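Subject: Structure handover

Dear colleague,

I am passing on the structure below, followed by notes on what was found in it. Please read the notes with the structure open beside them.

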Amino acid sequence: MPKPAGEARVRRPTNVTLPVELVAEAKALQVNVSQACESGLARSVAEARRARWLEENKEAIDAHNAMIERDGLILEEFRQF
């Protein structure tokens, strides 16, 4: 989860291996490689967390969806759309 603005982040130097052509194009376009890597890693972590949460909660989600299929939506008669 992102930290609030102004809160210091502890950083760790990390080596990554990237295609030479991609790094050259990024530098030519003035793309900050470290920020781009961090952004991509953050997105990948968020996607992995989401996938894990969905897998861990699959049984409950399926049971809830089955209940809605069987019984309909709660308070459906009061919906105005």
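The radius of gyration of the protein is 22 Å, whereas a compact globule of 81 residues would have one near 12 Å; the radius is taken over C-alpha atoms, and the globule rule is 2.2 Å times the number of residues to the power 0.38. Taken along the principal axes, the box that the C-alpha atoms fill is roughly 60 × 30 × 25 Å.

Please bear in mind that this is a predicted model, in which local features need pLDDT of at least 70 and side-chain atom pairs count only at pLDDT 80 or more, while totals for chains, interfaces and linings use all residues. Residues are numbered from 1 along each chain as its sequence is written, and side-chain values use heavy atoms, with hydrogens and water left out.

As to secondary structure, the protein has three helices and zero strands, in the order α-α-α along the sequence; helices (H or I, at least four residues) and strands (E, at least two) are DSSP runs, numbered from the N terminus. Helix α2 covers residues 33-56, and its 24 residues should span 34 Å at 1.5 Å a residue, which agrees with the 34 Å between its end C-alpha atoms; the expected span is 1.5 Å times one less than the number of residues.

Of the 81 residues, 1% count as buried, where buried means under 20% relative accessible area, exposed over 50%, and partly exposed in between (1.4 Å probe, protein chains only). The protein exposes about 8,100 Å², of which carbon and sulfur atoms supply 57%, by the Shrake-Rupley method with a 1.4 Å probe.

Two residues other than glycine have a positive phi. Gln 30, with phi near 60 degrees, is in the loop between α1 (20-28) and α2, and it counts as exposed because its relative accessibility is 75%. Leu 75, with phi of about 60 degrees, is found in the segment after α3 (58-71), and it is exposed, with a relative accessible area of 54%.

His 64, for its part, is in helix α3 and is partly exposed, since its relative accessible area is 43%. His 64 and Arg 49 are 15 residues apart in sequence, and their C-alpha atoms are 21 Å apart in space.
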